[in-house]
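My notebook is open and the viewer is ready. Here is what I looked up today, entry by entry.

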Amino acid sequence: MNKFLLKDALEKGYAVGAFNFGSLEILKSIISAATLQNTPVIAQISESALEFMGKKYLKKIIKVARRNAQIPISFHFDHGKSFESVKTAIKMGCDSVMIDASMLPFEDNIAITKRVVDYAHKKGVYVEAELGSLAGIEDDIKVEDKNSCYTDPMQAQEFVKRTNVDSLAIAIGTKHGAYKFSGSAKLRFDILEQIEQAIPNTPLVLHGASGVDEEDVKKLLDLGVDITGARGVSEDILKKVSKTNICKINGDTDIRISYLLGILSHIRANKTNIDYRQYLGAGMAEVTKLVVKKFDIYGSVNMANND
């Protein structure tokens, strides 16, 4: 199996940035940022992004990107909803896959996760699962607040033991999408500590961890994009999280915001331009700038070649 980036992060006390992409432009921006910061990185593809980009195209893109990358890069399938979708991702060349059966009863979640683990490990692929559920909206993921729940530490211990899963996504108060909190962000660090004690050797994953910069929200409002009330996870919280057993921090919403902001700002400032390479390039530059900053927050700078 390829090097498991999360194990290194667990041993050395930092978090690997995991960023979703749905286009070649976003992927290139993420890799550029990782190269600048000399950091390992995880590039994630969701089921809907896979369909948008196309399986055959994506398979080639993964192969070329991995070959040309100057830093450790891992490709991850995010929120796989079925055994078959996970198999597809493995055939495309993903280094790790997530099977998300968190909304199923505990025993059913164990059963499908164990099946995926048994299959994936034979293919040299790592598996992430989720226990507990996050509210919010991300692509095809839609969970109402009333249906969300925190991860139970004792269930986490039993789950990992029975499934042999490589990493576990936990629910401690984050939320998918741009509207994570109505007030100040509060995460259940007490639950996180209990989970760490229950499964100390298992890398943990934080979903719904995008930051939503207030200034960026104001700029988008001025540009005609209504994201009134958007609020994400603060940098202070993410810095604190990165020093725990949370070894993978997911980001998607803030990338979308940065990309759109770069494109629309360029269009407003260059009203006679019709060259899409220029305004897409402006969007890419904003994404790279954002992701560079994330690596500082996660403590992963210069961890690409630290063996």
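I began with Ser300, which I found in the segment after H12; helices (H or I, at least four residues) and strands (E, at least two) are DSSP runs, numbered from the N terminus. This is a predicted model, where local features need pLDDT of at least 70, side-chain atom pairs count only at pLDDT 80 or more, and totals for chains, interfaces and linings use all residues. Residues are numbered from 1 along each chain as its sequence is written, and side-chain values use heavy atoms, with hydrogens and water left out.

Is Ser300 buried or exposed? Ser300 has 0% relative accessibility, so it counts as buried (under 20% relative accessible area; exposed is over 50%, partly exposed in between, with a 1.4 Å probe and protein chains only). Leaving aside neighbours within four places in sequence, I listed its contacts (heavy atoms within 4.5 Å): Tyr14, Ala15, Asn38, Thr39, Pro40 and Phe295.

Next I turned to strand E1 (residues 16-20), where five of five residues are buried. I noted Val16, Ala18 and Asn20 on one side, and Gly17 and Phe19 on the other.

Which strands pair with E1? I found E10 (residues 246-251), parallel over four bridges, and E2 (residues 41-46), also parallel over four bridges; pairing takes at least two DSSP bridges between two strands. Gly17 has Ile249 of E10 as its bridge partner, while Phe19 stands opposite Ala43 in E2.
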